[in-house]
There are 2 protein chains.
Amino acid sequence: MQFYDYSLIAGVIAVLFAFGTAYGVLKKPDGNEKMRGIAQAIKEGATAYLNRQLMTILVFGIIIAILIGIFLTNGTSLVIAFIVGAIASYLTAYLGMNVAVRTNIRTAQAATKGLDSAFRTALFGGAVTGFAAVGFGLIGLSLLLMLFTTSQLQLLIGFGFGASLVSLFARVGGGIYTKAADVGADLVGKTELNLPEDDPRNPAVIADNVGDNVGDCAGMAADVFESYAVTLVAALLIAFAFTKTATSYAYPLLVASTGVIASIISLFFMRVNKEGNVTRALYFGIGGSLVVAAILDYALTIMTGTTMTYFIPVLAGLVISFALFAITDYYTGNNAKSVIKVATAAQGGAGTDVILGLAVGLRSTWVPLIVVVIGILVSYYEAGVYGIGIAAVGMLSLTATILTIDSFGPITDNAGGIAEMSGMPHAIRKITDKLDAIGNMTKATTKGFAIGGAALSSIALFVAFAQAVNLTVIDVLNPLVVVGIFIGAMLPFIFSSFLMESVGYAANLMVEEVRRQVRTIKGLLQGKAKPDYAKVVDIATVTALKSLIIPEMIAIVTPIIVGFVLGRAALGGLLVGMIPASFMLALFMANSGAAMDNAKKYVEEGHFGGKGSDAHKASVVGDTVGDPLKDTAGPSLNSMIKVVSTISILLAPVFLVYAAGI
Amino acid sequence: MQFYDYSLIAGVIAVLFAFGTAYGVLKKPDGNEKMRGIAQAIKEGATAYLNRQLMTILVFGIIIAILIGIFLTNGTSLVIAFIVGAIASYLTAYLGMNVAVRTNIRTAQAATKGLDSAFRTALFGGAVTGFAAVGFGLIGLSLLLMLFTTSQLQLLIGFGFGASLVSLFARVGGGIYTKAADVGADLVGKTELNLPEDDPRNPAVIADNVGDNVGDCAGMAADVFESYAVTLVAALLIAFAFTKTATSYAYPLLVASTGVIASIISLFFMRVNKEGNVTRALYFGIGGSLVVAAILDYALTIMTGTTMTYFIPVLAGLVISFALFAITDYYTGNNAKSVIKVATAAQGGAGTDVILGLAVGLRSTWVPLIVVVIGILVSYYEAGVYGIGIAAVGMLSLTATILTIDSFGPITDNAGGIAEMSGMPHAIRKITDKLDAIGNMTKATTKGFAIGGAALSSIALFVAFAQAVNLTVIDVLNPLVVVGIFIGAMLPFIFSSFLMESVGYAANLMVEEVRRQVRTIKGLLQGKAKPDYAKVVDIATVTALKSLIIPEMIAIVTPIIVGFVLGRAALGGLLVGMIPASFMLALFMANSGAAMDNAKKYVEEGHFGGKGSDAHKASVVGDTVGDPLKDTAGPSLNSMIKVVSTISILLAPVFLVYAAGI
């Protein structure tokens, strides 16, 4: 058997598990007719968005595929790899989200049987996304490995680039959509019309629920799928360039395969105890998958006779993934010290709430950075640059578990919405509300993982890039490299500026449309007439897909220009300047937003005057500011740095020949 | 004559001009008794702060001087240079601010004679700071050059480090003070008590006016003085390391000297025309000083028989300084497109106002970056690394003009306050209000210069650092360098998190104190009893000086730890990762804040409902959020990156011997 046979098998297992889980979840009861009506609207909106997004991606993708096919050596093979990567990514997002928008209603219904039942329903619904990601990733990569000879390993970058392109669209588009809808719904609903969250009379309410799915489920899935795919590719490229041993080719794929097993087992750790402690169940799940993965990887290392110096980086990667989860929780979790600080500041008004929120986000950057830095150093001293590659693989090997927990978020959020809108009894809404709160936590904490994963995989890609452009030294005393570093550090700032602006702009459009409906549809606010949900969904869809063009072009074109005009060393500088700046900015944004979100929840729990108080109003403003920071701009940077990195490697052969500079 | 004789003469001319200007301004009439009482309170508060700050600096400074004296080779000489640098910097801040707090009242009084008279009073008051900075800088440096032999040029870093240390305290402490007072005064005054800006019944009003002086005048002066000093030092160090010709030693100092002349001449360009266009006068001033400086530098290059390849970088530097001024104005000026966008978003509430404000700040980073990058490339291709050094000198040679225009800001702000509090007639208040608005613009635009100057001088220092630690290559493919870059990119985030938090915390203390006074002092709100201004001033002083300890320790200790533990290559990485990340973050913060500030003013001018409307309330929140971004965290990063850079060079000989890593 070839080494990729094992990963193919692991991939098939993962996909089968995903389908099995989907089957299990979907056969659960889906509630009464009122619930079904709401769920149906969400489902339709989400599917419509994903279909339109697909059209946009197809346009870009086909143009890019043609360009690759014509201009690059081995164009056909690259295009095949590109298509496989893109399809695997989209399938993940599509399948995952389609199950998620069907699990939300079943979670609400399961809540009638109790907390654990609802929890497990949402969890297994989320698991479909998680296992689809690793499954399609491993299958796609293994098939390409069968197709290419070992000497053609560098063609795998096409696979990574395919995943990157889809991720860029799904993450950015989904991010703009979800927050335009959320901010728009809140602005007009809560502030102007004084409606509670998830009130069916708010015409933007369905768009808001759709947004959770296209952003946190599909967008996040594409993002983490991309990290998973490019990390494996980077590890193989590094092995191809440096170690060149059969073991070093096999090891990353085997580690990824054990991750599948560990993730399956971890699902059984996640049970809510008698005290109803859901957070504990999630920590058990992640901690469990880490321990199981570590044990399996250790056994694997022994059994295959691989050197222990390879195991240490993998272990470092596993620890990083757990650490990033826990650190994010420390800074932004419910009742976290920092969150209470922000809530306290809300007493002084919206201004101080946001000032403290931004301060918390800025503060939260250093521990993750130190963790990643130590991981890099340990891995490097154990196994050289290859160590950095497999540390990233180790970290991403928990992808299935993390994505499961992440997708749990939009499902429980929607379940809460459905329970609220369909007027389910208070006792049941208490359960869905609790799960919704936990879902908010998982959305935030898994973002820490996604950001760290993007950074680590980009570092691995950077190493692969240097090899691909045949540079053994990239000297920062060369002004071109310094210039590259400067441009790299600028990219995340300009990129996220467009996203922030788009959310503000799109939210305004939503507000206007909602106002129009309130004005023109008689009996709307009395609950006698139904709002035109579809129209709002449509506005969000169109605006999101339109707004992503400029930032995406910047991400795609900048490395090409720098590579051609300033040369490959400057492009190396760009990558190495971009990664840490993006990493910091993404953490800052994501954690600022999460802290302000939970500060609002803290006030709503009854502190500092509770709901309706001045502190509450102030904290709502903070939450609004935090929304695009944490769900649009911050996470989109993940996709940006990976697409810039993969493009740079993809075009490396061209830069080698045509580039100016040095 | 030695080359430093010329710079000594230029320095003496500058100082004489500063004193002459001070004399001219101070003999102007200072208004009635009521005005004097208010101005006296501001003066006392500001002086008290500067004295206490001096104590703090002395404690740190003496400890550091002792450590330098004991542990470093040529310790005594370094300590002398360090003391000269620190004294020159403090003298600048002290003298400048002392004149500023006496010019404010005279500006208000001059407004009775008309706009131009008030404008020129404020301008010449500000000129004292500007010319003191370049004067003391040139004199200090020239004296040290007389003291040291040419082979001891590297000892000049002590001078730069002295300036850095003072700047770190003055910028950070002043920044926290000014915004704690401003936010505190606004929160309780405008929101709770419904008092207008600068109402004498607000106990925090004097602290607010003091803050403008210690922050925008003394803090900014120390910051730009530092850039000026370290840039000249860096240029000399680079000359010492690379070119080693007499011309290359002389050229930077001569360029700085022509800058003095150009800046003096430029003051005569700045006259308000009949239409009362003050902005035009300022642009004429800066543009004029640029043109004059360019002509003088050209003449100088010809006359001394210096190669034209040296002139081009200087010209590039001059253009950069003007460009950064104009770009900042483009993004954040009154009626700027971006500002109107933010104001428009204020209609949707405080949340969207801040979202757009942040978006504008993020967007504003790219043009300055491209300008600096082109400047670096042009300079390098003209004159190698030395070109980068003299480009920075060229840019900073306009320091006197820029600081003049900057210090104009707090003076006119205070003049407005005094006019308001002393109840001057409406026609006069209209003049002071107009100047106040222009002062806000100059505070914002000169910040662009200060941030760019800090970046450019740090790049020059980085080049000098590499030479000092004897590295001819700093390879980013070395993981230690990558780790350094990551840590460097993290520094501005963690540093500014403390500043943001301090402002939030200190503002809260102020709010509590104001509430206490309103509660306990009878007749306060009726204007029958005077508030205890001094108590509020005291709280701001103590909190600001206490809060700066941790961030400053981080800035000082991090490069030392990285240098010792990870080695000099990693420290090189740290510098090269820190500079662009700081540059971007500082621009983002400063321009976000300025845009939200002016958006508020735009609404107040009567747009979208004007004062008192919902849009106005929303824009006030944005202004509050922007305050610490633009006046505390953003500009403080300038001082941080320079102190980290100078420490790294200062300790270079030690790292050479003891450092681990490679």
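Reader: Let's start with H15(A) and H16(A): is their crossing left-handed or right-handed?
Author: In this predicted model, H15(A) passes H16(A) in a right-handed crossing. A crossing is right-handed if the near helix is turned clockwise from the far one by less than a right angle, and left-handed if anticlockwise. Helices here are DSSP runs of H or I with at least four residues, numbered from the N terminus.

Reader: Thanks! At what angle do the axes of H15(A) and H16(A) cross?
Author: At roughly 160 degrees, and the axes come within 10 Å. H15(A) and H16(A) are therefore roughly antiparallel to each other. Axes are lines fitted to C-alpha atoms over the stretch in contact, with angles from 0 to 180 degrees between N-to-C directions; over 145 degrees counts as roughly antiparallel and under 35 as roughly parallel.

Reader: And which residues of H15(A) and H16(A) make the contact?
Author: H15(A) brings A:Ser502, A:Ala506, A:Leu509, A:Met510, A:Glu513 and A:Val514, while H16(A) brings A:Lys535, A:Val536, A:Ile539, A:Ala540, A:Thr543, A:Ala544 and A:Ser547. By class, that contact has 8 nonpolar, 3 polar and 2 charged residues. Contact means C-beta atoms, placed from the backbone, within 7 Å. Ala, Val, Leu, Ile, Met, Phe, Trp, Tyr, Cys and Pro count as nonpolar, Asp, Glu, Lys and Arg as charged, and the others, Gly among them, as polar.

Reader: Nice. Switching topic: how do H1(A) and H7(A) pack?
Author: H1 (residues 3–26) and H7 (residues 246–269) of chain A pack at about 25 degrees, with their axes 9 Å apart. H1(A) and H7(A) are therefore roughly parallel to each other, and their crossing is left-handed. The contact residues divide into 14 nonpolar, 2 polar and no charged.

Reader: Now the dimer side. How many residues does each chain give to the contact?
Author: Chain A gives 59 residues and chain B gives 59 residues. On the chain A side, H15(A) supplies the largest share, 19 residues. That side divides into 43 nonpolar, 13 polar and 3 charged.

Reader: How are the two copies related?
Author: A rotation of 180 degrees with 0.0 Å of shift along its axis superposes chain A on chain B, with an RMSD of 0.0 Å. The two copies are thus related as by a two-fold rotation axis. The superposition is by least squares on C-alpha atoms of residues with pLDDT of at least 70 in both.

Reader: Which residue of chain A comes closest to that axis?
Author: A:Asp475, at 2.3 Å for its C-alpha. Also, 100% of the interface residues of chain A are interface residues in chain B too, so the copies meet through the same surface.

Reader: What are the confidence scores?
Author: ipTM is 0.95 and pTM is 0.96. Chain A averages a pLDDT (the predictor's confidence in each residue, from 0 to 100) of 93, and 99% of the residues score at least 70.

Reader: Which conventions should I know for numbering and cut-offs?
Author: Residues are numbered from 1 along each chain as its sequence is written, with chains lettered from A and ligands numbered from 1 in the order in which they are written. As this is a predicted model, local features need pLDDT of at least 70 and side-chain atom pairs count only at pLDDT 80 or more, while totals for chains, interfaces and linings use all residues.

Technical notes:
Two residues are in contact if their C-beta atoms, placed from the backbone, lie within 7 Å. Helices (H or I, at least four residues) and strands (E, at least two) are DSSP runs, numbered from the N terminus. Angles under 35 degrees count as roughly parallel, over 145 as roughly antiparallel, 65 to 115 as roughly perpendicular and the rest as oblique.
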